Amino acid sequence: MLNYTLRRLLMVLPTLLILVIFAFYLMRLAPGGPFTSERPLPPAVMANVLERYGMDEPLHVQLWTYVRNIVCCFDFGPSFSQKDRTVNDVIAQGFPVTLTYGFWSAVFVLVLGIPLGIIAALRHNGFWDYTMTGLAIFSQIFPNFVLAPLLVLLFTLSWGLLPGGGWNGGQWQYVVMPAIALGTSYMASVARLTRGSMLEVLNSPYIRTARAKGLPERTIILRHALKPALLPTLTYMGPVFVYMITGSVFVDVFFSTGGIGQDFINGAYSRDYSVLLGLAILYAVLTFALTLMVDLLYAWIDPKVRAGLA
Amino acid sequence: MILSAARRRLQSRAFAEERAPEMIASRSFWADAGRRFLNNRMAVFSVGMLSLLILFSIFGNLFARWSYEEIDWNMLGRIKEDGGPSLENGHWFGVDELGRDLYARVVQGTRTSLLVGFIAGPVSVLLGATLGALAGYYGGRLDRTVLAAYTIWLAIPYIIFFVVWQAFFGRSMSQMILVIILVNWTAGLLIVRGQVMMLKNREFVDAARMLGMSDFKIIFRHLAPNVLWVVVIYTSIVIPEVIMMESLVSFLGVGIQEPNTSIGALLSQGASTMTFGTLWQLGFPAAIFVIAQVSLFYIGDGLRDALDPKDR
């Protein structure tokens, strides 16, 4: 298990390096730059600015400096478009915001999705089952970027219950809608997946045996059926986290929460190389960390997988 | 005595002729699947809806009185009061925040979104399926490389790549289709790889190999028809995903360049102005989006039911 973890962690570094090199050259080879504007700077000033940011050197030297600064001093460089901030500042300010509503969104997905799936499986072809099928279709039709305006329309414009955007230091009213908008479609997928695997487990022989032994239904479901039924859901959580990171970019932009997604989009507009690279690294590290966590959890729960890893 | 009489009957010409039409009409896999699909009412209805949407995106402009980039100056400053849908001034769907005809823009946006979906979706599945087939067929190092690339690619949120590419390399429609294909090259890879690995040891492949066929021919002439059903199902899943991806990126403001538009861009504009009470700017694009997604969902569902051997 430790061995496996180490191997996975070792995989992260080359992957990150590939990502950085790829993104770096992709951005630099594109026409334009952070200092090109409609009214071009005088050549002397331009040269000075480029020198100030170390952009007068050849590309591979710049790349090397960039990577070295990250490795030695955890320094992601200055932001090109926001003159008084470094990328570290941008991340330190925006990341906690994204993390906060991301966390609550994940809680929402799990706490609502799993029980809903279980109930739907227990009441197979009953009211809850159909509700869930409806929800699954609903989530396909209303992805976060359609759902979010609808939520604002209902909760802010019609009923005036919740603020339609902003963050305000993370008061709960400001977290609710981003978390729901981000999580709903994944909540539906989690519920659908849980329902499917629960149905499969409930029809398996060992559950029949448990029933034949005369165990109370409650014990059968909680002690015998639940754990294996949740395994597929758990494997699905890895991709869900990746999708949620993607979705968070949208939520940051739409709700103006001030998270890193907003900085990312602004960075793309203003060709802010260092912010883009820094955030890309952050997103990638986050993805790796979350998928590794899910995989380890999976191995910890499922003895078959654990045996396969050794 | 009886047996030989039966045998004579079976071998007689009359019997063969009597049975011939039935045998000729025997149903192929695809005919069978087609029949099953046609029996699925929701799926057939969805095909109808989608066809209407496609016709709307192609011929809708014939009914527009305004072009999608022309500003109706009469509307400026009075969009909230007079800009709504109206039959009199020819703005069937009202006008957008700049006073441009929303009907023409919705037609244009639907066309963009559907085009992107129906070109980028199938092409990326074909790309992924081809890679998956090669990896599954040859195995070994190629397989390991493709799988490693697949895992790494899935671990990177596509939005990073997408936004950077769009912002830096311009935002035309062909650019959009290209980047979606690049982002989605993993679509269908794993499942086709699995199918090919399963099929490549079957007798008909051995027979083809024994006849001296090249690997290329075996893959594309003998294996491909057998995994086609997987590809079809997968394409039906990927197309709505691609449309959604395009809409999300347009919503973020890095989609198609103005004055061209897409459903996602229209949704975004509608959402940004809904505080001013111009709800039609959100409603019409949202309705089109919902119709497209619902019908694609049911068509995919119907195809899965019709083609998947597990359900038979």
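1. Start with the loop between α4 (87-122) and α5 of chain A, where A:Asn125 lies. Helices here are DSSP runs of H or I with at least four residues, strands are runs of E with at least two, and both are numbered from the N terminus. A:Asn125 has a positive phi of about 65 degrees although it is not a glycine. Most residues other than glycine have a negative phi. A:Asn125 is exposed, because 8 other C-beta atoms lie within 10 Å. The cut-offs are these: 20 or more other C-beta atoms within 10 Å of a residue's own make it buried, 12 or fewer make it exposed, and anything in between is partly exposed, with C-beta atoms placed from the backbone.

2. Before going on, a word on what you are looking at. This is a predicted model, in which local features need pLDDT of at least 70 and side-chain atom pairs count only at pLDDT 80 or more, while totals for chains, interfaces and linings use all residues. Residues are numbered from 1 along each chain as its sequence is written, and chains are lettered from A and ligands numbered from 1 in the order in which they are written.

3. Another loop residue to look at is A:Ser256, in the loop between α9 and α10 of chain A. Its phi is near 45 degrees, a positive value in a residue other than glycine. A:Ser256 counts as partly exposed because 13 other C-beta atoms are within 10 Å.

4. Now chain A as a whole. Its secondary structure comes to twelve helices and zero strands. The C-alpha trace spans about 85 × 55 × 30 Å along its principal axes. Of the 310 residues in chain A, 36% are buried. Take the contacts in chain A between residues at least 6 apart in sequence: 70% of them join residues at least 24 apart. A contact here means that two residues have their C-beta atoms, placed from the backbone, within 7 Å.

5. How confident is the predictor? On pLDDT (its confidence in each residue, from 0 to 100), chain A has a mean of 83, and 98% of its residues reach 70 or more. Within chain A, helix α8 (residues 205-212) has the highest confidence, at 90, and helix α12 (residues 303-309) the lowest, at a mean of 72.

6. A:Ser139 sits in helix α5 of chain A. It is partly exposed, since 19 other C-beta atoms are within 10 Å. Beyond its neighbours within four places in sequence, A:Ser139 is in contact with A:Thr184, A:Ser185, A:Ala188 and A:Ser189. A:Gly183 is 44 residues away from A:Ser139 in sequence, yet the two are 9.9 Å apart in space, C-alpha to C-alpha.

7. Where do the chains meet? The contact takes 32 residues from chain A and 30 residues from chain B. On the chain A side, the elements giving two or more residues are α1 (2-29), α5 (127-141), α6 (144-158), α9 (217-255), α10 (260-269) and α11 (273-301). The largest share of that side, seven residues, comes from α11(A). By class, the side of chain A that touches chain B has 27 nonpolar, five polar and no charged residues. For these classes, Ala, Val, Leu, Ile, Met, Phe, Trp, Tyr, Cys and Pro are nonpolar, Asp, Glu, Lys and Arg are charged, and the others, Gly among them, are polar.

8. The largest nonpolar core has 150 residues, and those with the most contacts inside it are A:Leu276, B:Val163, B:Ile180, B:Leu252 and B:Leu267. Such a core is a set of buried Ala, Val, Leu, Ile, Met, Phe, Trp, Tyr and Cys residues joined through C-beta atoms within 7 Å. Helix α12 (residues 215-251) of chain B gives the most to this core, with 16 residues. As for A:Leu276, its contacts outside four places in sequence are A:Met27, A:Phe264, A:Gly267, A:Ala268 and B:Val164.

9. Finally, B:Leu303, placed in helix α14 (residues 280-307) of chain B. This residue is buried because it has 22 other C-beta atoms within 10 Å. Leaving aside neighbours within four places in sequence, B:Leu303 is in contact with B:Phe37, B:Val232, B:Ile233 and B:Ser236. B:Leu303 and B:Ser236 are 67 residues apart in sequence and 7.8 Å apart in space, C-alpha to C-alpha.

Note on methods
pLDDT = per-residue confidence, 0-100.
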